[in-house]
Amino acid sequence: MMRTKYLIVGNSAGGIGAAEAIREVDKAGSITIVSDEPYPAYSRPLISKSLTGERGLEGMLFRPAEFYSQNDIVSLLGKKVKGLGLKSHTAEVDGGDRITWEKLLLAPGGAPIVPKIEGIGKKGVFTFTTFDDAKAIDGFLASASKAVVIGGGLIGISATEALVKRGVEVTVIEMKERILNTILDEPASLIAEETLRQSGVSIVTGHTVAEISGKERVEGVALDDGGGIPSDLVVVAIGVVPRTELVLGTEIKVNRGIAVDRHMATNYPDVYSCGDAAEAYDFVYGVDRLTPIWPNAYIGGRVAGHNMAGIQTEYPGGTAMNSLNYFGLDIASAGMIAPPDVDGCEVLSRQNGGIYQKVILKDDLVVGMVFVGDIERSGIVFSLMRDRVNAGSFKQSLLADDFGLVSLPRELWQERLGTPPPTSVSQPAMPEEAVEDFAGE
Ligand SMILES: Cc1cc2nc3c(=O)[nH]c(=O)nc-3n(C[C@H](O)[C@H](O)[C@H](O)COP(=O)(O)OP(=O)(O)OC[C@H]3O[C@@H](n4cnc5c(N)ncnc54)[C@H](O)[C@@H]3O)c2cc1C
């Protein structure tokens, strides 16, 4: 039986955020991180770069490999936590080992959804959420020239871009009417679709895959309308669900994800959760919901870690925010992408060919934004949204070409930067703190 003061399940954004925060306040308390992936913590968004060959594992690590020894953290990598004893404060790890803990963080992330369709078990069907997935696809590419990607969301398009860079002919099948529909509105999705098509990607929307055909390995897919597409490999990217299996059937409350309060604490004493597995506060919607993005997992992890170590800290709230580049097209979106059907909502938008920008306000607060093609001002708009700045007096200039910090009213400038505005400014594209660097690049 091994003993640890802090047990962390999951060695990624959430888990590492927590470990770092714990060490800031508790230099001596023992920390153990368990992960069923065998690698030091790496940046998950970079798995597409590992598939293209642009990054090896070394270049994907978001903390140096010595992070664990330097911070006196025991890392059990390649080991799965199979069960929890909440009352006994224990965890059972692969191989029968038991760990006793004082505080527990559940940061197990999400698992890819795999639909139960005919042929899903054939050789050549992959998911795309881990470094091992990228390695497995890489190992298969020598005998594949055509791929079908099921799902036109963020993960599906990341996989598509990497496959295209590897010279594979890709067809994306999206069940809804347009790709990237959870992060983009219709005009923005159309620009993204056009960019993908120009890069040689075929896109089928409004349909799904009914069957994967072939003898032992994939030879093609059959669509729900009877059409067929020849293919050597299939990437399943239809979504990710919170990994709640460790707490299902226990007293810990689970909605769509593990329920946590603003301290990232579950309803069970000494048990915390964060990241893709947890439903935490969304400051735009004003409710707890899943916001499965890297910075929210890391910040949530830090808040959990501080609270686990006895420093009362509150999660400021996160929201869905993405800043991406696919096939050379810059995309930034956050919060609501379509206005809710309520009074007090206002939409500002403008489009010029492949450049599209939209800001949604409710009662003069920014509650959503979509920027495609030119995202230069998305950082400052996001910071107004995050900081709940009343934009009533300057909202009409939010999408102006020269909008920048200098456009803010004098008192706001003073409040945000601690200095009055200079009389003439060379405007930085984005305030440094405005946009988190999701990919760790
Ligand atoms: C292809 C791809 C691209 C992405 N791009 C972006 C992006 O551009 N921007 C962005 O913000 N986000 C992006 N994301 C999402 C981002 O990666 C996640 O939000 C983030 O990784 C969540 O961190 P987490 O710590 O909650 O969990 P995860 O990163 O999912 O890590 C959880 C870890 O816990 C392990 N684990 C689970 N259960 C157990 C158990 N019982 N025992 C032991 N270990 C366990 C898992 O195997 C995993 O290693 C992307 C994700 C993918 C897959």
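Which residue in β15 does Val148 stand opposite? Val148 stands opposite Val234. The legends below set this pair in its surroundings.

This is a predicted model, in which local features need pLDDT of at least 70, side-chain atom pairs count only at pLDDT 80 or more, and totals for chains, interfaces and linings use all residues. Residues are numbered from 1 along each chain as its sequence is written.

**View 1. The whole chain holds 10 helices and 25 strands.** Its radius of gyration is 23 Å, close to the 22 Å that the globule rule gives for 441 residues, so the chain is as compact as a globular protein of that length. The radius is taken over C-alpha atoms, and the rule is 2.2 Å times the number of residues to the power 0.38. Helices (H or I, at least four residues) and strands (E, at least two) are DSSP runs, numbered from the N terminus. Along the principal axes, the C-alpha atoms fill a box of roughly 65 × 60 × 40 Å. Buried residues make up 43% of the 441 residues. Buried means that 20 or more other C-beta atoms, placed from the backbone, lie within 10 Å of the residue's own.

**View 2. Strand β15 (residues 233-236) is covered on both faces.** In a regular strand the side chains alternate between the two faces of the sheet. Leu233 and Val235 are buried on one side. Val234 and Val236 are buried on the other.

**View 3. Strands β8 and β9 each pair with β15.** Two strands pair if DSSP finds at least two bridges between them. β8 (residues 125-126) pairs with β15 in the parallel sense over two bridges. Here Phe126 has Val235 as its bridge partner. β9 (residues 146-150) also runs parallel to β15, joined by four bridges.

**View 4. Helix α5 (residues 131-140) has buried residues at Phe131, Ala134 and Ile137.** They cover an arc of only 125 degrees around the axis, which puts them on the same side of α5. The arc is that of the directions from the helix axis to the C-beta atoms. The buried residues of α5 pack against α2 (47-52), α3 (57-60) and β8. Contact here means C-beta atoms, placed from the backbone, within 7 Å.

**View 5. A shell of 40 residues lies around the ligand.** Gly10, Ser12, Pro108, Gly109 and Gly275 come nearest. Elements that each supply at least two shell residues include α1 (13-25), β2 (31-35) and α2.

Note on methods. A residue is buried if 20 or more other C-beta atoms lie within 10 Å of its own, exposed if 12 or fewer, and partly exposed in between; C-beta atoms are placed from the backbone. Two residues are in contact if their C-beta atoms, placed from the backbone, lie within 7 Å. A residue is near a molecule or strand if its C-beta atom, placed from the backbone, lies within 6 Å of it.
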